[in-house]
Structure formats: structure tokens, C-alpha cells
Amino acid sequence: MYQKTSEKIVVRNEGKKLELRVLGDKIINVFVSNKEEKRKDTIAIERKEYDIPEFSISDELESILIETNSLKVKINKNDLSVSFLDKNGNIINEDYNGGAKFNETDVRCYKKLREDHFYGFGEKAGYLDKKGERLEMWNTDEFMTHNQTTKLLYESYTFFIGMNDYHTYGIFLDNSFRSFFDMGQESQEYYFFGAYGGQMNYYFIYGEDIKEVVENYTYLTGRISLPPLWVLGNQQSRYSYTPQERVLEVAKTFREKDIPCDVIYLDIDYMEGYRVFTWNKETFKNHKEMLKQLKEKGFKVVTIVDPGVKRDYDYHVYREGIEKGYFVKDKYGITYVGKVWPGEACFPDFLQEEVRYWWGEKHREFINDGIDGIWNDMNEPAVFETPTKTMPEDNIHILDGEKVLHKEAHNVYANYMAMATRDGFLRIRPNERPFVLTRAAFSGIQRYAAMWTGDNRSLYEHLLMMMPMIMNIGLSGQPFAGADVGGFEGDCHEELFIRWIEAAVFTPFLRVHSAIGTKDQEPWSFGKRAEDISRKYIKMRYELLPYLYDLFYIASQKGYPIMRPLVFEYQKDENTHKIYDEFMFGEGLLVAPVYFPSKERREVYLPEGIWYDYWTGKGFKGKNYYLVDAPIEVIPLFVKEGGILLKQQPQSFIGEKKLEELTVEIYKGKEGHYLHYEDDGKSFDYTKGVYNLFDISFCYKEGRMDIKFDKIHFGYDKGVKKYKFIFKNFDDIKEIKINGEKVEKESCEIEL
Ligand SMILES: OC[C@H]1O[C@H](O[C@H]2[C@H](O)[C@@H](O)[C@@H](O[C@H]3[C@H](O)[C@@H](O)[C@@H](O)O[C@@H]3CO)O[C@@H]2CO)[C@H](O)[C@@H](O)[C@@H]1O
């Protein structure tokens with residue numbers, strides 16, 4: 001009835017074929033087809049080899065039962081439907097009405113609807129929980145104001161997490177065609193997902209909780225590698241800072257006003273006639289000198305690079321692309337020309353390795369001149385004046401020597417472009433961590449680039465929208481995300497800017513960006529109050545840098561988001577399941593932004609336990625809602641009992657001064673635990689063991705504080721040598737010991 005090879009179990013019935021692969025105790029790949037074809041994975045799947053666990057197969061009367069240590073999978077022999085059960089035989093997820101269906105226009109899979117909540121799906125407008133919604137995935141440059149009903153945005157993450165009181169699992173549909181997910185809108189009995197082409201190839205990922213699902217999902221699709229430290233700093237952008245004197249003036253003002261900033265962005269106007277890899281000689285007369293001066297002030301520079309290559313035979317990039325046949329072709333095999341922002345352009349076919357190499361090399365001169373990072377925009381790819389806002393679906397790409405139509409390549413185009421850019425950096429500066437920022441993406445993008453959420457507006461609604469959006473992006477494997485702070489289009493105003501910066505310093509990627517013709521959006525453009533409050537919060541971001549870097553370390557190890565929905569940390573507390581306007585900045589800090597005008601208070605939900613107001617130290621009993629004060633200069637922040645925050649002295653830019661000491665802030669509680677990672681923040685030497693990993697924990701009982709500072713790994717000897725402990729909200733400490741030795745409260749520190 002079934003065939004088993006070393007790697008898969010194959011079952012056939014009435015023209016349908018199901019292939020099942022056990023890839024882990026909790027990871028199953030299901031591939032259903034109505035023809036004899038080979039399974040195709042997209043670029044999203046990074047893993048090539050698996051530690052296949054022990055599992056058993058029994059051929060029963062009606063079904064085939066596969067059992068791992070954690071899961072049972074039942075394949076119905078009659079209709080090839082699949083059920084996933086836990087070890088006790090409780091259903092976690094099961095196909096509905098035969099599961100996979102194939103018709104003229106699409107492939108789809110029906111599932112019985114037993115979930116209370118759905119999360120993930122990456123960059124989508126609307127609430128955190130997507131139950132009852134219908135979503136589509138087709139990377140789109142959507143310039144109209146995004147609102148709750150905006151269906152298509154720039155990125156496509158075909159991954160979701162299903163959850164009820166009993167089980168949590170994830171499903172990754174590995175299909176790059178335009179796809180759809182009806183999570184209970186059509187029916188309350190079933191949900192379904194599928195795509196307008198390609199295969200029904202999905203990965204079922206079981207987990208104890210959301211954390212484990214995200215960990216297992218990123219085991220498949222890869223995790224972010226450690227970014228250079230400077231990209232965690234404050235970044236300033238505008239469409240466009242031009243001419244070069246204006247760039248230098250902005251940089252100088254940051255330093256004069258003592259507002260930390262690490263990066264300045266150059267938008268499209270730095271180029272000659274919007275031709276990528278050129279400089280406008282009129283406005284950037286001596287870009288090398290400008291870059292040198294910025295370096296001296298501690299600034300890094302990121303330039304925009306769009307995929308569209310302007311059509312002009314006198315332009316070397318276009319000429320080479322044409323001569324080598326590197327551009328995407330139309331259905332007749334002729335180089336495709338599209339109307340882009342602005343002008344007409346051809347699009348490199350990044351699916352081809354040779355084209356990626358060529359493109360990567362185009363960055364060499366830029367990087368050698370002192371450009372530190374690359375910002376890939378318009379890479380959906382966006383084409384103007386077409387109904388689909390992109391190139392025709394029957395345009396031709398080449399992948400591994402095979403023709404691939406654009407309808408299949410579209411959603412993954414940006415990942416291949418980001419890969420080309422990242423690989424270029426790695427060839428040019430092999431021991432420096434690259435930085436690529438992207439607007440478009442498909443699942444798995446975390447391996448190549450950070451992302452920002454495109455053209456938002458200067459509206460309170462968009463300040464709110466960034467929260468569930470970045471949280472769901474994080475749950476979809478991409479921890480490094482942010483929104484244009486202050487809003488891109490429209491004039492921002494003082495109060496909105498203040499509220500936005502207060503919230504944004506706790507988002508993983510912090511960049512102010514604004515459109516041409518809008519009011520200036522530097523922190524000082526809104527008057528003294530905004531300037532002072534921005535300084536306070538940006539400094540706080542720099543103070544918390546070791547804490548933030550530790551979150552990136554965890555993301556690189558486990559795939560955990562940095563900006564986490566409360567449900568990620570407190571899944572058992574059902575009050576957290578739908579919260580979209582508060583978030584956890586790592587495990588330690590609960591952030592509740594104010595996103596309404598003229599409001600000086602907001603409601604905050606605190607999960608179980610005791611929480612301390614970060615500003616006043618006041619304690620609050622959790623599992624309760626509170627109305628808390630939030631005057632304009634205050635964003636409500638809470639630390640959980642036993643929480644630990646790691647801080648450093650703020651600097652004007654990262655690496656300005658050598659760090660002499662770090663502060664470990666211990667919040668009142670019986671115990672607490674914290675993992676601290678440290679390396680040079682620049683190179684890949686950490687992959688050779690040049691890093692430190694410390695386990696910091698404490699136990700507090702009857703006035704006695706016992707701190708343990710364990711070196712798990714000590715391979716970086718240029719690290720910080722002194723750690724100073726500060727106790728928050730404790731009023732009765734009688735004795736302190738560090739690693740068993742008594743110390744005084746005033747000089748409570750450890751020297752390494
Ligand atoms: O590099 C400049 C910016 O490019 C991006 O934003 C542009 C967006 O992608 C385009 O769609 C475009 O919007 C136009 C819109 O599509 C059209 O219907 C019409 O209403 O005019 C609009 C332009 O005024 O322009 C955007 C730039 O304004 C990118 O997302 C930004 O971050 C870049 O700064």
C-alpha cells in the first residue's frame with residue numbers, strides 16, 4: 001500500500017500521490033501531488049540535511065500510522081488526508097474533506113478549524129491574531145494608505161502558527177506563487193491555504209509552545225546571523241539628503257545636539273539620473289571626501305540600490321547587462337523593459353548565480369569608497385502602470401538552468417537580490433559583517449537582510465500598525481524589522497514624532513525616514529521639547545545596547561523575535577492572546593506605547609507576577625489591567641519581578657569610546673537569570689570562538705542576595721572587564737555574595 005525509501009513514505013491513491021518526510025521529532029514535510037513530479041523547495045528552506053529521528057510505521061486497515069517520539073501522523077489510505085496527533089492520540093491538526101485539492105487555477109489544502117488563534121504571516125496590516133481573515137501573498141509596492149483591509153504589501157511570509165488551549169503548531173507552505181490563506185473567513189468549520197500554481201508542499205511544525213514552533217521553523221528556514229553592532233544604533237534617512245553639504249550638516253547637527261546616531265542614508269538622489277552604482281557629480285562633487293568626513297564623525301553610510309537598471313546604452317551597467325544577457329526576458333525571450341520609479345528600466349535576473357555574482361561585484365567600488373550598507377528598495381519588483389504593479393507573469397527567469405516564469409519567481413526575487421548583495425559584501429570584505437536592508441521579501445529573508453515596512457504615513461494609525469506588523473514578522477522568523485519612524489508620507493508633527501520615537505527605540509531596526517516634499521523629520525525639526533525627549537529615548541536605546549545585542553544573539557541561536565507579542569512570553573495567560581498594542585522588548589521589558597493624540601494615560605495589561613514601573617519603581621500585581629500615567633515624555637515601561645537589564649554608558653555612536661564597565665540592573669524578585677553575549681561586534685571571529693558568553697543569575701532570600709556570574713565561554717579577551725550590580729526596588733538587602741564571596745552593596749561589582 002505504501003513505499004518507504006530511506007527518506008520518504010509514499011502513498012498513492014486514485015491519481016493522487018502523497019510523500020511524507022519525517023525531518024525531526026516534531027517536523028514533518030507533506031507533499032501532495034496529482035501528477036508524477038518531484039518536490040521542489042524554494043529558497044526559503046535553508047536546511048539541506050536533517051538529523052532524522054527514530055520513527056515507526058504501521059500499516060493499519062484504513063490508514064498508515066507514523067510515530068515519532070512526539071507525534072503521530074495518520075495518512076488515510078482512501079483519500080490521502082493527513083492528521084497530526086500528539087503522543088496521547090489527541091488531534092493537533094487534521095485535513096478537512098480530503099485535504100489537498102487540485103484544480104485548473106490553484107492547489108489548496110483544507111484543514112479542520114479547531115484553532116482559536118492564528119499568528120505569523122509576516123508583514124500584514126491589521127491585528128495580531130489573523131483568525132477569521134483571508135490573506136494573500138504577492139509582493140506589492142502598495143503606496144495607498146495602508147489600513148486594516150490592505151491585503152497586499154511588500155513582503156510574503158507563507159508561514160503561520162495555529163494555537164488553541166491544547167496545542168500549538170506551525171505550517172509553512174513552501175510555494176512562491178501568489179498564495180492565499182483563508183483562516184476561517186469562508187467557514188467556521190474549516191480553513192484552507194494554497195497558491196495559484198506550484199505545488200502543495202508544506203512543513204508541519206509542532207511545538208510545546210509558540211517559542212518552540214518558531215525555533216523549529218527557523219531550524220528549517222535559517223536564522224539571522226549576528227549583525228554588525230552599528231546597525232543597532234539610531235539611523236537617519238530622508239528622501240533625499242542632497243547635496244552632500246546637507247548630508248554633512250545633518251551629521252554635524254546630531255553631534256552638536258548630542259543625539260546619538262550611527263547611520264545616514266542616501267536615497268535615490270545621490271545617483272546620476274537614478275542610475276544605480278553612479279554618483280551625481282553635481283550634487284555629490286566629492287563623495288569620497290564626504291564619506292571620509294562622515295567616518296571621522298563616527299557615521300556609517302547606507303545607500304539605496306534599486307533593481308531597475310536604467311535603459312541607456314551609454315550607461316555601463318545597462319550595456320553590460322544587455323551584452324551578457326543578464327536581464328529578465330519577456331515571453332518571447334526579449335529583454336523586458338518596465339516603467340519604474342522613475343523612468344524605464346531592465347531587471348537583473350537574480351535567480352541566476354552568474355548574475356548575482358556580477359551584481360555583487362558592482363558594489364565593490366562603493367564599498368571600497370566607504371559605503372557601509374546597502375538598502376534594496378523597489379525589489380518586489382515594482383513596475384508602474386501595469387495591473388499587477390509588477391512585470392508580466394509570463395516573463396522568464398532562469399534558475400539552475402531551468403526556465404521559471406515570473407509568477408513563480410516574483411515573491412522570491414527580493415531574496416535572490418539580497419543574497420547577491422550580501423554575497424558581494426562577503427567577497428569584498430570577507431571578515432566584516434554585511435548590512436543589507438530590504439523592502440520586499442519571502443520567508444527565509446532573515447538569512448540575508450533586515451527589513452523595513454515600506455511607505456507608511458505620518459498617522460497615529462500607522463504608529464499603532466507597526467506593532468502587530470513587526471511582531472508577526474518576528475514570529476515569521478525575521479527578527480530584524482522596523483517601520484519608518486515618524487511616518488514616510490505626509491507631514492509629521494511634534495506630538496506624533498515624540499510618541500513614535502518613544503516606541504521605536506524598542507523596535508529592532510530604528511530608522512527615521514520621510515518622503516520628498518514633507519516637513520523635515522530630524523529630531524530637532526519639531527522644537528526643543530521633541531528634541532529633548534528624542535535625545536532621552538535614543539540615549540536609552542544606546543544604554544540598553546548590550547541588552548539588545550543579547551537579544552540578537554538569542555535570535556541567531558533560536559530564531560526568537562526581539563519585539564515579542566505578550567502571547568510569546570505568556571501563552572498560558574489567555575488575556576495575552578489578542579494583545580497587539582503592547583509588546584515585550586525581549587523577556588525583560590514590557591512596552592506600552594501611547595498611540596493616540598492628546599492622551600496622558602493608557603490602559604496596560606500586565607500578565608501574572610509582580611511588575612515594576614520602570615520610571616517610578618512602583619510595583620503592580622499582574623493578571624490585571626491598569627490605567628497608567630503617560631505624560632508626553634513618558635512611555636509606559638514595566639520590568640517583571642526578577643528581571644535583569646544590562647546597560648552601558650550611552651555614546652554618540654557605537655564604538656565611540658572603549659567600554660570600561662557594564663551595569664547589571666537586578667529587579668526585585670526571588671530569582672532571575674540572564675544570558676550575556678559579547679564579541680567584537682564587527683567581524684566573523686566569533687565563529688572561531690572569539691566571543692564571551694556569561695550566565696548571570698541571582699537568588700534572593702531573607703535579605704540575602706546570591707549572585708552567580710558564570711563564564712560559559714571566554715574567548716574574547718578585549719571585552720568589558722567590569723560588571724557593576726545595581727538593585728532595583730529591593731529595600732531589605734542585608735548581605736550580598738558574588739560567586740560565593742561577600743561584597744558591599746556600594747561596591748557590588750565583578751572584575752574579570
Ligand atoms: O527612493 C525613493 C523612495 O522610494 C520608495 O517609495 C516610492 C514608492 O515605492 C513608489 O510607489 C512611489 O509612489 C508613487 C505612487 O506609486 C503613485 O501612484 C503616485 O501616487 O505617486 C507616488 C510618488 O509620489 O513613490 C515612493 C516615493 O515617494 C521607498 O519605499 C521609499 O522608502 C524611498 O524613499
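Q: What makes the strands in the order S5-S6-S7-S8-S9-S10-S17-S16-S12 a sheet, and in which sense do they pair?
A: These 9 strands form an open sheet with antiparallel pairing; two strands pair if DSSP finds at least two bridges between them, and strands are DSSP runs of at least two E residues, numbered from the N terminus. The model is predicted, with local features needing pLDDT of at least 70, side-chain atom pairs counting only at pLDDT 80 or more, and totals for chains, interfaces and linings using all residues. Residues are numbered from 1 along each chain as its sequence is written, and side-chain values use heavy atoms, without hydrogens and water.

Q: Why are strand S5 (56–59) and strand S12 (134–137) called edge strands?
A: Each of S5 and S12 pairs on one side only.

Q: How do you know that strand S8 (residues 82–85) and strand S9 (residues 91–102) pair?
A: S8 and S9 share 3 bridges in the antiparallel sense, and the criterion is at least two bridges found by DSSP. Leucine 85 stands opposite isoleucine 91 in S9.

Q: What is the crossing of helix H5 (residues 353–362) and helix H8 (residues 413–428) called, and why?
A: Their axes, lines fitted to C-alpha atoms over the stretch in contact, come within 8 Å and cross at roughly 55 degrees. H5 is therefore oblique to H8, because angles under 35 degrees count as roughly parallel, over 145 as roughly antiparallel, 65 to 115 as roughly perpendicular and the rest as oblique.

Key
Axes fitted to C-alpha atoms, helices over the stretch in contact; angles between N-to-C directions. Helix = DSSP H or I, 4+ residues; strand = E, 2+ residues; numbered from the N terminus.
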